[in-house]
Amino acid sequence: GLSLLSKVLGLFREGVIAGYFGITAETDLYFFIYSVFTTLIAISITPIATSYLPIFVFKREQLGEQVAVNHFTKLLQQFFVISFFIALSVNVILCFIDIPSLGNTWQMGNKDAIFYIRLFSLIFFLGGSIQIFSSVLNGVKQYGKFQIATTLQNVVVIIFVLLFGKHLGVRTLVLAVTVAYLLQFIYMSVELYGKRGNRIVLSGDIIHDKELSSVYKSIIPVAFGAESYLLCLTIDKAIGKSLGIEGAVSALNYAGLLYGLVNTVIIMAVVTVYYTEFTSVNIKKGEKYVLEMLNDAIVSISFILVPLVVFLSFNAEDFITIVLKRGKFTEQSVLFTALPFTIYILNSPIYAIRSLIIRIFYVFKNVKIPMYNGIAYVFCSMILGLVFSKIWGLWGITLAALLVSSVSCLFLFLVLKKRFLYEVKGVYTPLLKIIAAVIVSLLSGVIFSINLNSSWVNLGVNGVVFMSVYLVILYFLRFEKLTFLLDRVKSKLRNK
């Protein structure tokens, strides 16, 4: 429920932003800088959160929650000091930058660029802390808290744009993000310390800690492993900017955000839960049982994602029209954004399986293989994106991302099989059933599809037909996950 609410508000937020600001050179500037900011958090802080989770879970299960929380507080203290010096350095450097010459780089809005960079540097601590808090709350099995925090951010951004968008312009967005990060930080602090009765115990020695040192050493390996796709999204925008087409970065940004909503709300929610369970099962039972869980995870996430991404890919224009088309976001903007979104969204199941496999390597304390794979992923995506963009424009950039992601996932899968003797049991048959059901649903969608002036009616009716056929076909193919869900529903109805 929380994931659904977060997703709906996220879509509404993007619609409000698109309606107020559209696709312009000004939005290109903001989205590019914001993308760099979030990518820096992803490649530097998310790896810390990912690597720290097994340490926190182990301490909590062996020594108790208060001891684990004390250690987490020490990590926050270290991160605050690091963030302070980063913000100080950035702002000092900006004082010596020749603003007029910066305009040659951005070709507009040089003062806005300085303003965005300065403010984002000051809230780096808040943005990074939210990621670490989220991981720790997952460690105490409070899985819905990140979705609530995300919902809070969506609400704040929507309110700010509606109240101040016309007066402050695109600057409204960076102010909204600042306030949202502060509120998220307060909320997560209350959840971990206040509601769970954990005391805030500050450490007198925040320098010497072997476990935290190992976490920091994992930043580069994990950044190029788990977060390489975010690096690629930022590189895509840089390549899009090099095309010299006004609105190209904004189109890639909106497409990436809609694609990212699926990744955040569905994929990362599932991956996060499984990562916590992988860690716990590995401690209690060993590698064999973790690998068995991976098989179940691949089938579960494919059951949800494959039909969703295929449907959205074939109905991209109607979907983007509903979410974004209003105000300054015109029909031309819809077509411009639908092009990269169509390919981006097809990458979601591959990204999900790759993320699960990478977490398995982390649980088994092997960060080098995902790192090497991620470096190759980023490098090949950049080279292929540059080549394809010269031939097919924006579509070529996203096509390169899809091809490289597929090959990267395949290599990780083969290495996992060889290195840890991973046996793929109970996966191929369910996946074939899913693919067969999707193909039949797609054909039925082509036959019975409607094309009216209303995107709401088109997407709604076509979606009902597509998903109904998909579920019916799986039912007759005796798909175990669906049968299990139906049995659960029947059991609850009988109990009532």
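## Close-up views of a predicted helical chain

Figure 1. Residues are numbered from 1 along each chain as its sequence is written, and side-chain values use heavy atoms, with hydrogens and water left out. The chain has 22 helices and 0 strands, where helices (H or I, at least four residues) and strands (E, at least two) are DSSP runs, numbered from the N terminus. Buried residues make up 55% of the 496 residues; buried means under 20% relative accessible area, exposed over 50%, and partly exposed in between, with a 1.4 Å probe and protein chains only.

Figure 2. I41 is found in helix α2, which covers residues 25–44, and at 5% relative accessibility it counts as buried. Leaving aside neighbours within four places in sequence, I41 is in contact (heavy atoms within 4.5 Å) with T46, F124, G127, G128 and Q131.

**Figure 3. The aromatic rings around F133.** A search of the whole structure finds 34 aromatic pairs, and rings of Phe, Tyr and Trp (its six-membered ring) pair if their centres lie within 6.5 Å, with planes under 30 degrees apart counted as stacked, over 60 as edge-to-face and the rest as tilted. F72 and F133 form an edge-to-face pair, 5.0 Å centre to centre with 70 degrees between the planes. Because F72 lies in helix α4 (residues 65–95) and F133 in helix α7 (residues 124–139), this pair ties together parts that are 61 residues apart in sequence. The rings of F133 and F185 have their centres 5.7 Å apart and their planes at 80 degrees, so this pair is edge-to-face. It links F133 in helix α7 with F185 in helix α9 (residues 171–194), 52 residues apart. F72 and F133 are both buried, and F185 is buried too.

**Figure 4. The salt bridge between K74 and D209.** The structure holds 11 salt bridges, each a side-chain nitrogen of Lys or Arg within 4 Å of a carboxyl oxygen of Asp or Glu. The side chains of K74 and D209 meet in one of these, at 3.3 Å from N to O. K74 lies in helix α4 and D209 in the loop between α9 and α10 (210–217), so the pair ties together parts that are 135 residues apart in sequence. K74, at 12% relative accessibility, counts as buried, and D209 is buried with a relative accessible area of 13%.

**Figure 5. The salt bridge between D296 and K481.** In this salt bridge, the closest N and O atoms of D296 and K481 are 2.3 Å apart. Because D296 lies in helix α14 (residues 287–314) and K481 in helix α22 (residues 480–495), the pair ties together parts that are 185 residues apart in sequence. D296 is partly exposed, with a relative accessible area of 32%, and K481 is partly exposed, with 23%.
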